[in-house]
Amino acid sequence: MTQLRHATITGTGSYLPERVITNFDLEKLVNTSDEWIRQRTGIRERRIAEDNVATSDLCVRAARWAIKNAHINPLDIQMILVATVTPDTFFPSTACYVQKGIGAKNASAMDISAACAGFLYGLDLADGLIRSGRYDTILVVGGEIFNNIVDWNDRGTCVLFGDGAGAAIVQATDEPKGILASYIGSDGDYADIDLLGIPAGGSRMPVTQEAIDQKLDKIQMNGREVFKLGVRLMPEAAQRVLREANVSIEDIDLLIPHQANLRIIEAVGDRLGVPREKVYINVDKYGNTSAATVIIALDEAIREGRAKPGDLLLLVTFGAGLTWGSTLLQL
C-alpha cells in the first residue's frame, strides 16, 4: 500500500519595517483621532516601509528567517509562491525577485493574487502539490507594501493598512500531521471595486492623470459591507475544514484569523465559540497587512510560545474578490 504524504510547515519567518506610524501621527495628516481609530478598528499603530523598499525586499527577509528556522538550504526549495496585491512590478513576478534574493536557483516561482486571502491560497496550493508527490519543499510567502496604494487623506482606509511580510517552508512528511484540512473559495459576484479594490491600474482602467486626480489609483472600500461579509464568510470557512477533519472547535488550541479589524476578529471568534484567550491578535500593532497578516501572526505565535508542537491551529481569512480560505494545521 502506498504511504500517504502530508504537507507540514517546518519553519516560519516574518519581517516588519522599522518605521512606526501611530494613530497620533495620523491625527496630523487626516481628520481622525486615536480614540476614533481604536474604537472602530482596534489598531494603535502600523509599520510603513521606507520609500526605497519594494515588496520583494520584505519577502526576502521573511523568507530567510523561515529557511533558517526550517534548517534547509535555499537550493532545496522547489517552488516559490508569493501572495501579494502590491507586487514589485506587474511582471516579472515578485516571486522571481524573491528567488534571486534568497538564491533558490532550483525553484520555480510565481505570484498569487487573492488579496487578503492570498497566503492561505498559497498554502492550499502547496498542500496539494506536496500530497501529489510532485514537490517536497515549497516556500509560501505573503507580503505587502500598502502605504503606496492608500489615500492618506481618506480616514476610512488610511488608518487600516500596514506593510509587512511573512513566510513558511512547507515540506513533505509521512507523519499524519501538518495541514489536516484546507479550503479556499471565492465569489466573483462581489468583484466590485467600490466594495474593495483599486479601480485604475489594469486593463479595465489604465492609469491616466484624470484617474490620479480622482484618486482612482488608490484603495476604495465600503467598510460596512466588507465587515458584514467577513463576519459571515470566515466562520463558514472555518467550520468547513473542521467538518472535513472531524475536529471539534473545542479541540482548537489557537485561532489565527485575518487581522483586518478587531471588531471583525472578535465577532468571528464569538460566532465560532472560541474564547478570547484562544484567539491570536496583533492587529493593534501592525494593522491590516493583507496577504501577510495570517503568516505574520503564525510566526509570532510560534516565537511567543502560544503555538507549540502538537497544537491544533485554525487559520482563517477573507479578502477582495471576494476570496476566503481556512486551514486546519497541527504543528
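Ala 83 stands opposite Ile 112 in β5. The model that shows this pairing is predicted. Strand β4, residues 79-83, runs parallel to β5, and 5 bridges join the two.

Both strands belong to an open sheet of 5 strands, ordered β1-β7-β6-β4-β5, in which the pairing is mixed. The edges are formed by β1 (6-15) and β5 (108-112). Each edge strand has a single partner, so one side of each is left without a neighbour in the sheet. Direction ignored, neighbouring strands of this sheet are turned by 20° against each other on average.

## Helices on the sheet

Helix α4, residues 94-102, lies across β4, β5 and β6 (137-144). The direction of α4 makes an angle of about 125° with β4.

Helix α10, residues 293-304, also packs on the sheet, where α10 touches β1, β6 and β7 (164-173). The angle between the directions of α10 and β1 is about 90°.

In soluble globular proteins, nonpolar side chains tend to be buried together. Here the largest nonpolar core has 47 residues, and Ile 252, Leu 314 and Leu 328 have the most contacts inside it. Two or more residues each come from α2 (34-41), β8 (178-186), α7 (223-245), α8, β12 (312-319) and β13 (323-330). Of the elements, α7 gives the most to this core, with 9 residues.

Leaving out residues up to four places away in sequence, Leu 328 touches residues that include Gly 178, Ile 179, Leu 180 and Ala 181. Val 241, Leu 242 and Ala 245 are also among the contacts of Leu 328, as are Ile 252 and Leu 314. A second, separate core has 35 residues, including Ala 7, Tyr 121, Ile 138 and Leu 331.

## Helix α7

After α7 comes Asn 246, which has a positive phi near 55°.

Buried residues of α7 include Val 226, Leu 229, Gly 230, Val 231, Leu 233 and Met 234. Pro 235, Ala 237, Ala 238, Val 241 and Leu 242 are buried in α7 as well. The cover over the buried residues of α7 includes β8, β9 (196-197), β10 (220-221), α8, β12 and β13.

## Cysteines

A disulfide is a covalent bond between the sulfur atoms of two cysteines. The structure holds 0 disulfides. For Cys 59, the closest cysteine sulfur is in Cys 96, at 13 Å, which is too far for a bond. For Cys 158, the closest is in Cys 116, at 16 Å, and this too is too far for a bond. The cut-off for a disulfide is a pair of sulfur atoms within 2.5 Å.

Cys 59 is buried, with a relative accessible area of 0%. Cys 158 also counts as buried, at 1% relative accessibility.

## Asn 282

Asn 282 sits in the loop between α8 (262-272) and α9 (283-286). Apart from neighbours within four places in sequence, Asn 282 is in contact with Gln 259, Ile 296, Ala 297 and Glu 300.

Methods: Residues numbered from 1 in each chain as written. Predicted model: local features only at pLDDT ≥ 70, side-chain atom pairs only at ≥ 80, totals over all residues. Heavy atoms only, no water. Helix = DSSP H or I, 4+ residues; strand = E, 2+ residues; numbered from the N terminus. Contact = heavy atoms within 4.5 Å. Buried < 20%, exposed > 50% of the residue type's maximum accessible area, 1.4 Å probe, protein only. Core = buried A, V, L, I, M, F, W, Y, C linked by side-chain atoms within 4.5 Å. Pairing = 2+ DSSP bridges. Axes fitted to C-alpha atoms, helices over the stretch in contact; angles between N-to-C directions.
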